[in-house]
Each structure stands twice: as C-alpha cells, then as structure tokens.
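Subject: Structure handover

Hello,

Here is the structure we discussed. Please open it first, then read my notes below.

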Amino acid sequence: MHIFGLFITGYQVAFVAVAGLTVLAAVGVVLVPNILRAALCLGVMLMGVAGLYALMNAPFLAVVQVMIYVGAITTMIILAVFLSNRVMKIGFFQAVYNPLLAAAAAGVMFLFLLVTVANSVWVQGIVEKTPATKDVGVQSVATALLQPYVFPFELASVVLLAVLIGAVVIAKEDTADES
Amino acid sequence: MSHSLAYGIPISWFLTVGAMLFCIGLFGMMVRRSAIGMLLSIELMLNAANINLVAFGSYLKLPSIAGQVFAIFVITLAAAEAAVGLAIVINIYRNEQHIDADKISVMKM
Amino acid sequence: MHIGHIILISPAIWMAFAAIVVLLLGVVAAKRPDKGLDHYFPTQYAAPLFTAIGLLLSGAVVWWSLMLAGVTSQAAINGEATSVSATGLFVTSGGHAQLTVDPFAAVISFIALAGTFIVMLISLEHFGEHQAHKAEYYTLLMFAAVAASLAAAASDLIAIYLLIEFLSMVSYILAAYAKTDRRSAEAGLKYFLYGAACSAIMLYGMSLLFGITGGNTSLSAIAAGFTIGGAASSGIGWVAIVFTLVGLGFKLALVPFHFWAPDTYEGAPTPVTAFLSVVSKAAGLAVIVRFLTVVATPGSAGTLAWYWILVVLTTLSMFYGNLVAIWQRNIKRMLAYSSIAQVGYIMVGVLTAMHVFTRSGILMGAPDASVRANISDKLLPWDIQGVLIYLLAYLFMNLGAFAVVIAVGNRLGSDSIDNYAGLMKRSPFYASALAVFLVSLAGIPPTAGFLGKFFIFGGAIKIGILGSPELVVLAAIGVVNSIISAYYYLNVVRLMFFTEGECKPSIVGSAAANVAITISLVLTLGLIVFAKPVSDLTAKAVYTSSPASVTTPAER
C-alpha cells in the first residue's frame, strides 16, 4: 500500500508494530519501579522478540523463545520475586546514581552502535535484502545441532546438570539434621 | 511460503532493534537497584545478541543456520544463568529475613 | 575426526564421569551417615583421588599431543598436509574444529587439573570432615575443572561461549557456597551480576563477529573472514572485538573489569578464591591467547586499536593491583589485588605472543626450525612460551600461598596480616613455606616466579627491540611493578620472621594442607632446577600448536 507516496508492505507494518512493542516493553523492564510488573514487561518483551524471530524466518526459534524464555525463565523470575520480595528493596549495586547520567551514557552507546553496527554500509555489502527462506526450519536446526554442533549440544547437558546441582544446593533450605 | 516473510525489511532494522535492547539493558544495569532488576536487564542484553545472531544467520548472502543454533544455546544458558542467579538471591533473602537491614553490604566497595 | 583423538579430551570426559560418581557416593553416604559407604570410602577423599587420575591422564595427553603435533608437522614439511594440526576434535564438513587439543591446550588443561587437585586438598583442610553438601561441592569443583580444561582447547565461538559460561556459572555457585555466611552469599551475588553482564556484552560482540565474517562460528573461519573482507578495519569489527574482549577480560580480572575481584575473593570460601585466582584465570588466558592470536591479528599488531587498548589495560592492571595491594590489611584481599597485577604480567606475555604472530605472519605452529628460521631467526626459542611457564609457576606459588593462608587462618580464625607476626616461632614450616611463595610471587630468584618473569619480560624485550618499543616499556613497567610488589610481599615475610607476635601455641595443620603446601613448595623451588626441560617442553608446546585447527584433507 502507498502512504504519503511511500510504498509500505504489510510486513513492514508488522515489523514496526512488533519492534515497537518490544522496545516499549524493554523500557518498561528497566523503568517500572515495581519489580513484578517489570518481570511481566520482560515477558511481553520476550514475546516481541519471538515475533521478530518469526519475521526473520526462524519459526522454530520463535517457538523455543516462547516456550523456554517466556514459559520457563520469566515464570522462574516471577516465582523468585514472590519468594524473596524484600530483597528487592535492598540496593547496593547501583553503579551510576544519577539516572540521567546513565541515560546519557546508554544513549551515546546507542548512537555509537547505530553508526557502527546498524547503519554500517559495510554490512549492507555482505547481506541480502530479505532473509533466507531455504533451510531455516526445524530440520536444518536439528541437522546442525547433531552434526557440526554435536559437541556443544552434548556439553550443554553437562552444563545443565552441573547448574541444576548447584542451584538446588544453594536455594535449598537446610534442615537442622543435615550438617 | 513463496517469498520471504520479511519482505521489504532490511537487516539494519533488526540490528537497530538489537542495539536498542542492548543499550536499554546497559541502562538498566546502571540504574536498577535490585539484583532481580539487574538480572532482567541482563536478559535484555542477551536477547539483543540473539536478535543479531538470527538476523545475520538468515540475511547473509550465504545463510547460516549456525545463527539459530547459537541462539538456542544462548537461550539454554540464559535459563541456567537465571536459575543460578535466583538461587543466590533466594539464599541471600533467607539469610537476611531475620535482620531488618537496608543494606546488606558488609564489605567495603 | 579420527576417533582416537577423543582420547585427547579423555581427562575432561573422565572428570565429568568422576564428578557424577562423587555425587552418587555422596547420595549413598547420606543415607547412612555413621557407618555405610562413607565410613570406608569418604566422599571428600574420593574427589582428589579421581582428580589425581585425571591429572595422570592429562599428563599423558600432553605427551601424546606433542607427539601428534610432531607427526603432523613432519607431514606438513613433506607436503602431505595442508596445515600443521590434526588434533582438532568434532571437525565439521568445512574442516573447522570445535576443539583444538594442541600441546598448548594440553598444557593449560594440565595446569587446570593440577590446580583443581591442590584446591581439593586445601578444601579438605578448610571445610574439615563435616562440611555441608560436601559431595555437591566436590562435584561442582570437578565440573569446573572439566570446563576449564576444555576451554583451553575451544576453537569455536559457540564452544568458547558455552565453556566460559559453564566455568562462570559453577564459579558463581562455588563463591556463594558458604550459604549461611552472608559475605559468601554476597560475594556470589556480586560475582554473578557483574559476570553475567560482562558475558552478555561478550555475547553481543560475538554475535557481530559471527555476522561480519560471513556467518561462521569457527575461529579459523572467522580469522579468514576478518582478513579477506576488510571487516577488521570497519567500525563494526572494532566493536565486535572490543566487546568480546570485555567478557574475556572479566574472567582475567583485568583492570576495568576487576571490580568484582576483591570482594568476591574476600567473601568466597578461601579454597574457592584459590580456584578463581588460578584455574579460572588459566582457562581465561588460554581462551584470550587463542582468540587474540587467531582472530584479532590481521595485519600488524601495532596497527590494531585493540592491541593498544590491551597495552593500556595491561599497564593499568599491573600498577593498580600492586598499588592497592600495599594498603590491604587482610591477606586474602592482598592476594586478590596482587593477582590482578600477576595477570598484568602474564598479559605482557600474551601481547608479545600476539606481536610475534602478526609480525611473522605465522600462526602458532610454524612447522619446524627450518621454517621458523625463514620467518625470523631472531624469534627462537624463548620469546612466547613465557605465558605457559609463568602460569605453571603462578599455579604453584599462588596456590601454595593460599594453602598456608587457609591452614593458618583456620587455626587463628582471622585473615588479618597482623596475625602473621611471629609466625616463625609458632610454625616454622608454614612461615618458611609462605616466605618462599611470597618471594616467588615477587619474582625474586631462585624461585619459579623469577623464572616466569624472566621468560615473559625477556621475551617482551627480545621482540620489542625488533621494532615494538612498547613491549620494552611494558617489560620495564613489569620490572618496576615487581619491585613495588616486593615491598608488600616481603612485609609479610618481615612480620613472620622478625617481629614478636603474641605468645600462642604452635600451629599444626591437617595432613591434606601439608601435602598441598609441600607439593607447591617443591615445585616452586624445583621449577628453576628443571628450567631447561620446562623451557623445551613449553617451547615445543607453543611451536607445535595450531590455534585454529585446519585439518588435513585426509582428516575430513
């Protein structure tokens, strides 16, 4: 469709909507004072990123994102918020006490990244105008995971086992009869 | 599907969203006053990197599935990292719940 | 991949297996705490035993990888192979390996396992018999050793990211392991938050690196993409490298990324502090050496922005670590700050190595002396193996110092430096051992620390006079810093020997601590006796290593 003489595809509209939601939710994650609401914003942000994956022709990743990130990680964070509500009020890490200063620093970093990364003429030379449509599905992901990346795939299970053990030990409440 | 989904969307749009999320995450790291708030900011930064990975993976002239694979590993590790972080936070909470302290820092910074 | 090459990572596989066995032993023992299995085969002794076996395996792998590298470099000379290394593991169809177990990686892996072994011995002393969750503690320590020993060989972005995160996450848990001690919990939380943030920045850098070099995750393919496409000179390439270095700098506690170190080192259980300061840093150094020498060296080092950034950070690390260490009254904090400076010394060696590779246009692993002679007859043989020698020395002197600190701290219930006054009267063995370790850390002959500094600064000067004056300056700064560090190290020695402490009974540590101290002491003093074989071995390890595995056609 044409708006003000510009040709705009439906996908562009979808992108702007999804990306706008994502960035808005991300701002909410860092600015909303209530940590529970911030965690919910994170959920929205993660859904938005899943939408971006879908737009980039990575449907499997979009599903993984929703299931693991939104379904598991966000839920875990919200549970932890419920479990340890008072810790949230404790501040001892803040590096920059002036939010405006922090915003300025982040803004400068963003402009820098915009110039060097997002708007890089050099990058335009190595990429296509549209994302690939071939070999992007579940099958290619599975083949890649089990052939060239079988080592990280196996290693990930060891990592998860070790972290599981460690997290349980740390989070578990020790009863008196255990020394 | 006959043509690409992201018809008319250049890669720079996705990279821009990635850069935005990364910088918002950095901002959050600087201003958030609680451990979980900082953890949320870190998740933003990880997602920024994932968007880059997937965007490059599918936009490159020689598309590479490795972008998606890398992102899957990142999601896996993000889950593990969140578990570790939350376990430590819960443990601190348990240590602190009998003490009414505004600050738990007992060491000098 | 040759299936026999799986043996090259057998130490890591064995350690992962043994970690699970230790965990199960602990579960079984917990069922019957008084009699039962734990009575005959206590979990806390099983772990060091298994690690010792892993150490033997690792030693065999060092030997075997040297042999393999020798064979393949011979093949390269005969024109049978396109490149030096055939020791890449999990090689993909493109000929790129996930892991490259070259002799360099094998030696670092050996250092990681040896460090873990000593850390286990001092854990026995520190925690005693009735440690809470002891099986899980040793299991995690063994998993950390798996991560460290594999990280030394990682030559693929995904593998590097996974292994660095693996090591980090286990370290966060270990730092917070003394659950009821709020300082430990806080140490863990600080370490976690800063670490996770730095690794997220590193990941962002890696994602760019992945993109601009054409969607490759393998370091060697990235290196190729970097030089061909002109990516290195673009702004995006700069961001990619510098962001990646943030995550690696964090693991090393280089100066702008050091802020977690003092608090974490002080708050964490002391054996964990020892682990973080040696094993974790060795793994980080292995990755940074591989990364810098493979990927980040297009053109000449002197023209690279990040080379100069690293020069500055190295200088800052040395000065900051030493100048702040002077004022510490807690010996753990003092060792923490001094370890920041120690990493600075090692980074001088890393920068020298980076320069050698860029200058000569070779990667690690010029096939043999005749080929090397063509490149430059002045690059032989002790210019870049300093990193390995210093790491070996650092392993024993630093862990030895921590072992004494634990043994003494456990008896005195404090880590204050003032408590070391008159230690000579109370425990001549501990006092003299600690004196040797501190003298070695200061780099005074005839100790291992001197040997390491001799190789690192000697190599830097040797390469530096060929036209990189900054390396000579760095070496000079290193020597100046050694003198500064001697002040606070020798201050402790002075306290122990020449001041009268309160009259208290003598200190006798546990057998495990004494074994750890004895091993460290013998090697800290003995390394210089074996200077020649150690130098030959590390030289061979460096020169036969290929940081990015490009396999032979027959291998594919």
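Two residues count as in contact when their C-beta atoms, placed from the backbone, lie within 7 Å. On that basis, 52% of the contacts in chain A between residues at least 6 apart in sequence join residues at least 24 apart. In chain C, residues 24 or more positions apart account for 80% of the contacts with a separation of 6 or more.

Some housekeeping. This is a predicted model, in which local features need pLDDT of at least 70 and side-chain atom pairs count only at pLDDT 80 or more, while totals for chains, interfaces and linings use all residues. Residues are numbered from 1 along each chain as its sequence is written, and chains are lettered from A and ligands numbered from 1 in the order in which they are written.

Confidence

The model scores ipTM 0.91 and pTM 0.90. pLDDT is the predictor's confidence in each residue, from 0 to 100. Chain B averages 82, and 82% of its residues score at least 70. Chain C has a mean of 80, with 80% of its residues at 70 or more. Within chain C, helix α6 (residues 157-175) has the highest confidence, at a mean of 94. Helix α14 (residues 369-375) of chain C has the lowest, at 39.

Treat these stretches separately:
- Residues 73-86 of chain C stay under 50 in pLDDT, and the model has 36 contacts for them beyond four places in sequence.
- Residues 546-556 of chain C are also below 50, with 49 contacts in the model beyond near neighbours in sequence.
- Residues 98-109 of chain B stay under 50, with 20 contacts beyond four places in sequence.

Chains A and C

Helices (H or I, at least four residues) and strands (E, at least two) are DSSP runs, numbered from the N terminus. Chain A has 7 helices and 2 strands. Its order along the sequence is β-β-α-α-α-α-α-α-α. Chain C has 21 helices and 2 strands.

A residue is buried if 20 or more other C-beta atoms lie within 10 Å of its own, exposed if 12 or fewer, and partly exposed in between; the C-beta atoms are placed from the backbone. Of the 179 residues of chain A, 39% count as buried. For the 556 residues of chain C, the figure is 67%.

Chain A against chain B

Here 84 residues of chain A are in contact with 77 residues of chain B. Elements of chain A that give two or more residues to its side include α1 (10-31), α2 (35-55) and α4 (99-118). The largest share, 12 residues, comes from α3(A). For the classes, Ala, Val, Leu, Ile, Met, Phe, Trp, Tyr, Cys and Pro count as nonpolar, Asp, Glu, Lys and Arg as charged, and the others, Gly among them, as polar. The chain A side divides into 66 nonpolar, 13 polar and 5 charged residues.

Chain B against chain C

In this interface, 35 residues of chain B are in contact with 33 residues of chain C. On the chain B side, α1 (11-31), α2 (35-59) and α3 (66-96) give two or more residues each. α3(B) gives the most, with 15 residues. By class, the chain B side has 26 nonpolar, 8 polar and 1 charged residues.

Which way does α3(B) run against α7(C)? Axes are lines fitted to C-alpha atoms, for helices over the stretch in contact, and angles run from 0 to 180 degrees between N-to-C directions. The axes of α3(B) and α7(C) (residues 182-212) come within 10 Å and cross at roughly 165°. The two helices are therefore roughly antiparallel (an angle over 145 degrees). Their contact residues divide into 12 nonpolar, 5 polar and 3 charged.

Chain A against chain C

α7(A) and α5(C) (residues 134-151) pack at about 150°, with their axes 10 Å apart. V158(A), A162(A), I165(A), G166(A) and V169(A) meet E136(C), T139(C), L140(C), F143(C) and V146(C).

V146(C) is buried, with 32 other C-beta atoms within 10 Å. Not counting residues up to four places away in sequence, V146(C) touches V158(A), A12(C), M15(C) and A16(C).

Best wishes

Notes: Angles under 35 degrees count as roughly parallel, over 145 as roughly antiparallel, 65 to 115 as roughly perpendicular and the rest as oblique.
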